Amino acid sequence: MEDDCDHFLLICARCRSEDHAALLRDALAAQLPPGYAIRAVDCMAGCAHPTTVGFQAAGKAQYLFGDIVSSADLEALGAFARQYKTSSDGWTNASDRPLALFEKTLSRMPRVCLGPRS
């Protein structure tokens with residue numbers, strides 16, 4: 001249930017189709033550690049690299065991966081989900097991520113800090 005989740009995997013529903021996004025969701029659901037919710041989103045502006053998949057969690061770096069097309073990509077996303085979940089700040093170097101995602105990383109955005117300004 002999404003209320004129990006603090007990590008999110010986002011799948012673009014526009015890259016190929018909502019049906020394709022649903023197939024990816026079903027394929028990835030069993031690979032994710034507890035605490036993840038999967039959300040289909042209308043667009044993540046990765047149109048040149050369909051299908052795009054994002055990761056986000058409060059206080060962690062955010063990621064966008066593109067050109068997700070194969071079962072190897074799905075396995076790599078499952079491995080990354082576990083890595084991301086156990087990371088305190090979500091920050092990973094390209095060489096630390098699953099090899100299948102090495103050239104599929106479209107963006108890594110730093111975590112949002114909402115604490116007091118100095």
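## First stop: a residue between strand and helix

Start with D67, which is partly exposed because its relative accessibility is 27%, between the 20% and 50% cut-offs. Keep in mind that this is a predicted model. D67 sits in the loop between β4 and α2. Check its backbone: phi is positive, about 60 degrees, although D67 is not a glycine. Most residues other than glycine have a negative phi.

Now select K104, which has D67 among its contacts. K104 belongs to the loop between α2 and β5. Is K104 buried or exposed? It counts as buried, because its relative accessibility is 16%, under the 20% cut-off. Beyond residues up to four places away in sequence, K104 touches L64, F65, G66, D67, I68, V69 and D73.

## The sheet

Zoom out and colour the strands. Five of them make an open sheet, ordered β2-β1-β3-β4-β5, with mixed pairing. Look at the edges next: β2 (36–41) and β5 (105–109) each pair on one side only. From one strand to the next, the twist averages 15 degrees.

Select β4, residues 62–65, together with β5. The two pair in the antiparallel sense, over four bridges.

Step across to β3 and β4. They run antiparallel and are joined by three bridges. F55 has Y63 of β4 as its bridge partner.

How many of the five residues of β3 are buried? Four are, and the strand is mostly covered.

Centre on L10 to find G54 of β3 standing opposite.

## Inside β1: I11

Select I11, also in strand β1. I11 is buried, because its relative accessible area is 1%, against a cut-off of 20%. Now show everything in contact with I11, leaving aside neighbours within four places in sequence. The list is A21, L24, R25, L28, I38, R39, A40, V41, M44, T51, T52 and V53.

For a sense of distance, draw a line from the C-alpha of I11 to that of K60. The two residues are 49 apart in sequence and 18 Å apart in space.

Helix α1, residues 18–29, touches β1 (7–12) and β2, and its direction makes about 150 degrees with that of β1. Helix α2, residues 71–86, also packs on the sheet, touching β1, β2, β3 (53–57) and β4. The direction of α2 makes about 15 degrees with that of β3.

Which residues of α1 are buried? They are A21, L24 and L28. Look down the helix axis: these buried residues fall within an arc of 60 degrees, so they line one face of α1. Against what do they pack? Against β1, β2 and α2.

Then move to the N-terminal end of α1, which S17 caps. A side-chain oxygen of S17 lies 3.4 Å from the backbone nitrogen of D19.

## Last stop: the loop between β2 and β3

Select A45, in the loop between β2 and β3. A45 counts as exposed, because its relative accessibility is 69%, over the 50% cut-off. Its phi is positive, about 60 degrees, although A45 is not a glycine.

Finish at T51, in the loop between β2 and β3. Check the peptide bond from P50 to T51: it is cis, with omega near -5 degrees. Most peptide bonds are trans. T51 is also one of the contacts of I11.

Terms used: Residues are numbered from 1 along each chain as its sequence is written. This is a predicted model: local features need pLDDT of at least 70, side-chain atom pairs count only at pLDDT 80 or more; totals for chains, interfaces and linings use all residues. Side-chain values use heavy atoms; hydrogens and water are left out. Two strands pair if DSSP finds at least two bridges between them. Axes are lines fitted to C-alpha atoms, for helices over the stretch in contact, and angles run from 0 to 180 degrees between N-to-C directions. Contact means heavy atoms within 4.5 Å. Buried means under 20% relative accessible area, exposed over 50%, partly exposed in between (1.4 Å probe, protein chains only). The arc is that of the directions from the helix axis to the C-beta atoms. A polar contact is a pair of N or O atoms within 3.5 Å; within protein, one must be able to donate a hydrogen and the other to accept it, and residues adjacent in sequence count only if both atoms are side-chain atoms.
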